[in-house]
Amino acid sequence: MDKKIAEMKEQFLSALAQSRDTQNLEELRVAYLGKKGFVTELLKGMKDLSNEEKKAFGQKVNDIKSEVTKRIAERTEELKRLELEREINATPEFDISMPPTLGEGSYHPITLVQRQCERIFKSMGFTVEDYSEVVTDYECFESLNIPKHHPARDMQDTYYLENGQLLKSQTSAAQNAIYKKYKDALIHDGVPIKAIFPGRCFRNEATDACHENTFFQMEGVMVDKNISISNLIYFMKTMLSEVFQKDIKVRLRPGFFPFVEPGFELDISCLICGGTGCPSCKHSGWLELCPCGMIHPEVLKAGGIDPDEYTGFAFGLGLTRLVMMKYGIKDIRDLNGGSLKALSQFTDDE
């Protein structure tokens with residue numbers, strides 16, 4: 001038996017030295033450690049040994065088994081290192097000194113419209129804020145007057161993560177942080193809170209011409225003393241007239257959103273079909289563009305602001321839908337499709 005073990009070890013070391021890739025090593029591992037491998041065959045021969053011989057022989061088999069496992073692991077790391085060195089030292093298959101042949105790139109239409117909206121609101125005294133795409137349940141719901149088990153949560157099919165956080169389903173998730181960031185300047189210095197915060201949102205939607213699971217919004221808030229609905233209407237009309245460079249037919253209708261009271265839906269006449277009805281507007285002639293309203297007192301309280309002294313408005317502008325109206329894009333899925341041919345036609349308006 002000892003002779004058999006020695007021969008097997010010698011054969012293994014010879015095969016190991018000749019291995020040139022990880023596939024060879026895997027074949028070698030199976031040949032020696034697999035269910036029908038050499039080590040297993042050795043163990044089958046123990047039935048013919050005495051109890052004392054079995055103990056000594058078993059120890060030797062375990063030793064060779066450990067050595068095979070260790071040497072295969074070491075050889076695997078060595079081959080990986082050699083492969084990396086070959087890749088580093090290899091001559092590239094392309095000439096990095098060659099000039100590009102695809103020409104200059106272009107901005108995505110959502111980027112163009114977002115920047116345009118940012119310029120418009122900056123000119124009206126708003127700051128532009130950025131916020132995370134992964135937020136807590138408190139940020140996205142509870143701070144916005146949507147406690148656990150509230151029916152309003154059924155309005156959004158949210159992507160939850162294993163750690164309890166979630167992918168932002170609405171840009172409103174940034175509201176609480178914005179209020180807390182600027183409340184001292186509002187309360188002590190009398191500086192109104194005026195901020196917009198554009199961002200990407202995610203919902204588990206069934207996609208069609210006017211719905212996507214990934215889309216862009218731009219939240220906006222203004223908080224001060226004596227803010228009213230008329231202030232909201234003024235800022236929204238100003239923004240729309242600047243974006244489209246013409247008067248846009250709009251309508252304001254009641255809408256339910258837990259974080260505003262009263263709440264409204266600001267719709268614009270569909271610019272794809274001229275208001276006659278098409279798949280982009282669900283054949284209604286109108287496109288929901290901007291849920292909005294007066295900030296709910298509980299939301300102000302959560303942000304550390306006294307609702308008896310201050311009021312404000314909030315709106316959630318659908319940037320993706322605004323892009324569709326501005327550029328006449330009939331299907332929202334085209335914006336996330338990644339077609340360079342479709343996207344290369346857009347250029348900066350400046």
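Me: Arginine 86 is partly exposed, with a relative accessible area of 47%. What does "partly exposed" stand for?

Reply: Happy to start there. Buried means under 20% relative accessible area, exposed means over 50%, and partly exposed is what lies in between (1.4 Å probe, protein chains only). Keep in mind that this is a predicted model, where local features need pLDDT of at least 70 and side-chain atom pairs count only at pLDDT 80 or more, while totals for chains, interfaces and linings use all residues. Residues are numbered from 1 along each chain as its sequence is written, and side-chain values use heavy atoms, with hydrogens and water left out.

Me: Which residue forms a salt bridge with arginine 86?

Reply: The general idea first: side chains of opposite charge can pair when their charged atoms come close. The rule used here asks for a side-chain nitrogen of Lys or Arg within 4 Å of a carboxyl oxygen of Asp or Glu. The partner of arginine 86 is glutamate 83, with the closest N and O atoms 2.6 Å apart. Both residues sit in helix α4, 3 residues apart, which is about one turn of the helix; helices (H or I, at least four residues) and strands (E, at least two) are DSSP runs, numbered from the N terminus. Glutamate 83 is partly exposed too, at 34%.

Me: How many salt bridges does the rule give?

Reply: The count comes to 15 salt bridges. One of the pairs is glutamate 78 with arginine 75, at 3.1 Å from N to O. These two also lie in helix α4 (residues 51-89), 3 residues apart. Glutamate 78 is partly exposed at 32%, whereas arginine 75 counts as buried at 12%. There is a network as well, in which salt bridges link Asp137, Glu142 and Lys148.

Me: Which residue does glutamate 133 pair with?

Reply: Glutamate 133 forms a salt bridge with arginine 200, the closest N and O atoms being 3.1 Å apart. Glutamate 133 lies in the loop between β1 (127-128) and β2 (134-135), and arginine 200 in strand β4 (residues 193-202), so the pair ties together parts that are 67 residues apart in sequence. Both ends are partly exposed: glutamate 133 at 29% and arginine 200 at 33%.

Me: What is the order of strands in the open sheet?

Reply: Strands of a sheet pair through backbone hydrogen bonds, either parallel or antiparallel. Here, two strands pair if DSSP finds at least two bridges between them. The open sheet has 7 strands in the order β1-β4-β5-β9-β8-β7-β6, with mixed pairing. Its edge strands are β1 and β6 (250-254), each pairing on one side only. As a worked case, β7 and β8 run antiparallel and are joined by 8 bridges. Valine 260 stands opposite isoleucine 295 in β8.
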